[in-house]
Amino acid sequence: MGVETNIAPFAASKEEFLSTKLSYLVDLLRENGVNWSRKNSLWPMPFATACCGIELMATGASRYDIARFGAEVMRFTPRQCDLLICAGRVAIKTMPVLQRIYQQMAEPKWVISMGACASTGGVFDTYAVVQGVDQFLPVDVYVPGCPPRPETLLEGVMAIQRIVEKEGLKHSHERQRGLGLVVQETVKLDVGKES
Amino acid sequence: MATLTDPSQLSYEIGPATYAREESGGDVWTLNLGPQHPATHTTLRHVLELEGERVLSCTVHIGYLHSGFEKLGEKLNFNQYVVVTDRMNYISPMANNIAWHHACEKLFGIEITPRCKAIRTIIAELARIQDHLLCLGAAGLDLGAFTAFMYPFNARETIYDLFEEICGARFTTSYTRVGGLMQDITPGWTQKVRHFCTDELARAIDDFDALLTRNRIFLERTKGVGYLSHDDAISWSVTGPLARASGVRRDLRKDEPYLCYADDWDGQGGRAVTFKVPIATSGDCLARYQVRLAEMKESVKILLQMVDRVPDGPINVLPNDKATLPDKREIYFSIEGLIHHFEQVMTNRGFEPPVGESYGSNETANGELGFHLVSDGGNSAYRARCRPPSFINYQCFPHLVVGHQVSDVIAVLSSMNVIAAELDR
Amino acid sequence: MSGCSTHPIGPVIEAVAAKFADIDVAPSPLMPREDESQRQMCLRVPAERLIEVMTFLRFDPGCLFEQLVDLTCVDYLEFPRATDRYGVTYGLLSLTKEHRLWVKCFVNDPEPEVPSVTCIWKGADWQEREVWDMFGVKFAGHYDLRRILTWEGFEAHPLRKDYPLEGRGERENFVRIGIDSA
């Protein structure tokens, strides 16, 4: 690799020092690729609706520091983010909002479905909750739990990092579409009409 | 006390909250705040009509987290529903569990054991501290004070550890059952609570206090903002710290005592816990902040009194009441325990509450959390209505922000501690 | 005990019965209990006299129920021995006198309608909208009666007993927004 790791930085001359460190960095980038920098600086878009939002905040707080993974920059605008963390149940009223936010994110983008409610509807098998975000978003990682412990969410973020490393700049249309389990229709009636 | 006693003075024509435009006919435009916005405390949406920066009118749209909780209450039985109550006011889940089972026990007419009352009081106060820590932290965060958010959150992590030790879950605890608790506390837990109150929590509150209470920026942003008068607070059905910050002298722990706030809670003349209820009169955001901070300190006093006074004894009432599950040891090793367990759990058996209705309420951190239960004698409630303090407190919001600047909207919202899940149910 | 009157509610009920002698208010506890201090009393008021009775309860010096604690509705369709369908329930609290009272107003299909009490207690505002949303009971005189919790375009009233928990297909058939409209 051309790097002498035992070099004492102050022993060498300035030119030698600069060229060694620079070549180290260039070699590192060439070896690991742009994906390395991309995965270590994911900017999450926290779409926090309910209780999982509190565990997301706890993951960002000082004990389970998400900044260790480079992801503490939780910008609430989708234009600047590349990781959508869908934390919490999605009611049917919120669903167009979530769809629009996903469309507004720039490529490449990844989606974590955090918690049982975002993945499948969770405890709430009711008329008002969408039974799984993956019916209209391509989810990359599902994080189980109700709510998932911060360590579990960090494992989910690390799973995204592994995906980023492997697939890199693939457009989201070309990636996995998530499980996309089709919900069985409960009643075959006219939609919205009451008896 | 309410001063309006003459019906002829009745002049409530409530309509949408509006503020008169300036004569010069400024630049009127519409701004949509939410439902995805860092300061809207998850999914709330305000449509503001602005003249420059001044709010002329505010329309609130909620329901972005409506999940059918009350309909679920008609399907799940009285013990299963506690899982759903965790997810209502999710920043103090224990308080919701206690309030739900308080209402259930009132419906059944069950009196819980002294040990259970003591433990539930400790947990309720810890939940209150948890709620206020997050509310004040988020209030700081919304106004830009990021460190003021980190310190309380760290203290909450220790509370999570305490809850995890007794029930296994940090967060969605589901700890109470009809007639008692899921399981007893571990030995030494009360000492940990005491250590937490005297050591870590005291430091966290002091640090937080030092950061915000005399901070010029915080004071200028909250003083005089979002004024709610005493009579309006009563008329808008506001309860909790929001009402107490406007001078309403009402706290269910003192006025309609329950658990260890009542005298003779252990049946042997046990004294009720002594604490003060902080009241403010200025009714603005700063008053609400001060009331919550003072309430936290009073909760610490209650905890320090209760940790030494937890009596020995059973935590669940006897299983003969056909409402509580017997101890697991009994179920595995005695035939009576097994039969009682089956009576509870089999689908054609289960709870047998009396037919009728009942309303039971607790003073949680947000206000009066009550459950109006209607029972037809079946295993689950016929109607499980939650009286949500966030929903009812939030009604007055448009009338508080009208006439203020846009940034004051955020300050007022964060002072009201609106939890979307309790709001939308 | 929380939720119960600290001071006796008997005089209030007598005052109401005396003033409105033509209505049978039928005072009864919400749940029959032996211990009198644990009883929560409830009155029945017909819809056309509701505003009068509520104004009396709010302003009469013997009653003074300044705060409306809870406004909800119960659908008694499947309740044993029920005579009317919708019971709009008002929970009242007096801060000065420290007592509580419940008032029920029963209405039926078709087109259940009750006068709005927002002129007496401002806090009835959103609670009436929620009852309209969930049960379909209209409130005459409410300034803005529209759906509050469910979404626009939703036509059913979910908390009615004949509406299933999983809904009638609304949660599976929703519009998916394409990229062009973002």
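This is a predicted model: local features need pLDDT of at least 70, side-chain atom pairs count only at pLDDT 80 or more; totals for chains, interfaces and linings use all residues.

1. Residues are numbered from 1 along each chain as its sequence is written, while chains are lettered from A and ligands numbered from 1 in the order in which they are written.

2. Helices (H or I, at least four residues) and strands (E, at least two) are DSSP runs, numbered from the N terminus. Chain B holds an open sheet of three strands in the order 1-2-3, with antiparallel pairing; strands pair if DSSP finds at least two bridges between them. Strand 1 (28–33) and strand 3 (54–61) of chain B each have a single partner strand, so one side of each lacks a neighbour in the sheet. On average, neighbouring strands of this sheet are turned by 20 degrees against each other, direction ignored.

3. Strand 1 of chain B is joined to strand 2 (residues 45–51) of chain B by six bridges. B:Val28 has B:Glu51 in strand 2 of chain B as its bridge partner.

4. Helix 4 (residues 114–142) and helix 5 (residues 147–167) of chain B have axes that come within 8 Å and cross at roughly 160 degrees. Axes are lines fitted to C-alpha atoms, for helices over the stretch in contact, and angles run from 0 to 180 degrees between N-to-C directions. Helix 4 and helix 5 of chain B are therefore roughly antiparallel (angles over 145 degrees). By class, their contact has 14 nonpolar, three polar and one charged residues. Ala, Val, Leu, Ile, Met, Phe, Trp, Tyr, Cys and Pro count as nonpolar, Asp, Glu, Lys and Arg as charged, and the others, Gly among them, as polar.

5. The contact between chain B and chain C takes 49 residues from chain B and 42 residues from chain C; residues are in contact if their C-beta atoms, placed from the backbone, lie within 7 Å. Strand 6 of chain B supplies the largest share of the chain B side, seven residues. That side has 18 nonpolar, 16 polar and 15 charged residues.

6. Chain A has six helices and four strands. Of its 195 residues, 44% count as buried (20 or more other C-beta atoms within 10 Å of the residue's own, C-beta atoms being placed from the backbone).

Conventions:
Angles under 35 degrees count as roughly parallel, over 145 as roughly antiparallel, 65 to 115 as roughly perpendicular and the rest as oblique. Two residues are in contact if their C-beta atoms, placed from the backbone, lie within 7 Å. A residue is buried if 20 or more other C-beta atoms lie within 10 Å of its own, exposed if 12 or fewer, and partly exposed in between; C-beta atoms are placed from the backbone.
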